[in-house]
Amino acid sequence: MPGLQTLYQLQVAELERADVARRLEEAEKSLGETDDLRRARADLQGEESGLSALRTRVRDLELEVKGLNGKAAATEKRLYGGEVRSPKELESLQADLASLRTRRGSLEDTILAGLTEMDEREARLRRARERYEAVHSAWEARQGELQASLATLRRRLAELEEQISRLRAALPASLLELYDETCRKKGGRGVAAIRGGLCEGCRVSVPTGIIQQVRGGEQIHRCTSCGRILCVVG
Ligand SMILES: [Zn+2]
């Protein structure tokens, strides 16, 4: 019976195909954004929007101080301009001025606190940006490696497919049928080579007479222990 060596080559190729297909699937799953990258980007965006909101708040307060300064100047002008003489009115203007100044003082304190917070937030933003850039460039390098390994694996898979169809075409249908059936039962290993007098599938020794017959290649022998098709390689 011809073809045992070919059958063994077929099994080697099919086992490699399964391995390559599994690695390909893993590599494909690793493509795309990672949680780490998404988290680093969200942190950066959070810091950016926090700082920008604080800047707007401080700018608004500064505008409000400017408005109060205008009002205070107008009040002072009326108070000291000599046009207003009524003591009651003067008293009320003085009270207005005092309240404007108090309000301005409190706004200036808030602005000062805002500026201090801005410094802290700017430092945090710088750190978040550095972290994002580091994570992103590592991610980019990894994606490049993955793409290269995907290309290699796809090429190898195509080679194996071609080799497998060539080997299958060269084998008798009855032998292939037996092989496929045994493979289904034996985890894709339907053929076992005899090595050192043992079946490599189950490590049980094969009688010398059977080894001779297998070597002669006239008849199909299956391991009496595991049922795999026996062959002699090399
Ligand atoms: Zn066996």
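Which residues make up domain 1 and domain 2 of the chain? Domain 1 takes in 4-10 + 172-231, and domain 2 covers 31-169. This is a predicted model, in which local features need pLDDT of at least 70 and side-chain atom pairs count only at pLDDT 80 or more, while totals for chains, interfaces and linings use all residues. Residues are numbered from 1 along each chain as its sequence is written, and side-chain values use heavy atoms, with hydrogens and water left out.

**View A. The two domains and the distance between their centres.** The C-alpha centres of domain 1 and domain 2 sit 70 Å apart. The bounds of these domains come from an automatic or database domain assignment.

**View B. Helix H2 against helix H3.** H2 (residues 35-80) packs on H3 at an angle of about 160°, and their axes are 7 Å apart. Helices here are DSSP runs (H or I, at least four residues), strands are runs of E (at least two), and both are numbered from the N terminus. Axes are lines fitted to C-alpha atoms, for helices over the stretch in contact, and angles run from 0 to 180 degrees between N-to-C directions. The angle makes H2 roughly antiparallel to H3 (under 35 degrees is roughly parallel, over 145 roughly antiparallel, 65 to 115 roughly perpendicular, and the rest oblique). H2 and H3 cross in a left-handed way, meaning that the near helix is turned anticlockwise from the far one by less than a right angle; clockwise would be right-handed. Sort the residues of this contact by class and you get 25 nonpolar, seven polar and 23 charged. For these classes, Ala, Val, Leu, Ile, Met, Phe, Trp, Tyr, Cys and Pro count as nonpolar, Asp, Glu, Lys and Arg as charged, and the others, Gly among them, as polar.

**View C. Helix H1 with its partners H3 and H4.** H1 (residues 4-30) meets H3 (residues 87-170) at about 155°, with 9 Å between their axes. So H1 is roughly antiparallel to H3. The contact of H1 with H3 holds 13 nonpolar, six polar and nine charged residues, and H1 passes H3 in a left-handed crossing. With H4, the angle is about 40° and the axes are 12 Å apart. That makes H1 oblique to H4, and the crossing of H1 and H4 is right-handed.

**View D. The largest nonpolar core.** This core has 34 residues, and those with the most contacts inside it are Leu 7, Leu 10, Tyr 179, Ile 194, Cys 199 and Leu 230. A nonpolar core is a set of buried Ala, Val, Leu, Ile, Met, Phe, Trp, Tyr and Cys residues joined through side-chain atoms within 4.5 Å. The largest share, eight residues, comes from H1. Domain 1 and domain 2 each give the core at least three residues.

**View E. Two buried residues, Val 214 and Leu 167.** Val 214 lies in helix H5 and is buried, at 4% relative accessibility (buried is under 20% relative accessible area, exposed over 50%, partly exposed in between, with a 1.4 Å probe and protein chains only). Its C-alpha is 12 Å from that of Arg 195, 19 residues away along the chain. Leu 167 belongs to helix H3 and is buried too, at 8%. Between the C-alpha atoms of Leu 167 and Glu 89 there are 110 Å, for 78 residues in sequence.

**View F. Arg 203 and its positive phi.** Look in the loop between strand E2 (198-199) and H5 for Arg 203. Its phi is near 65°. Most residues other than glycine have a negative phi. Arg 203 is exposed, with a relative accessible area of 56%.
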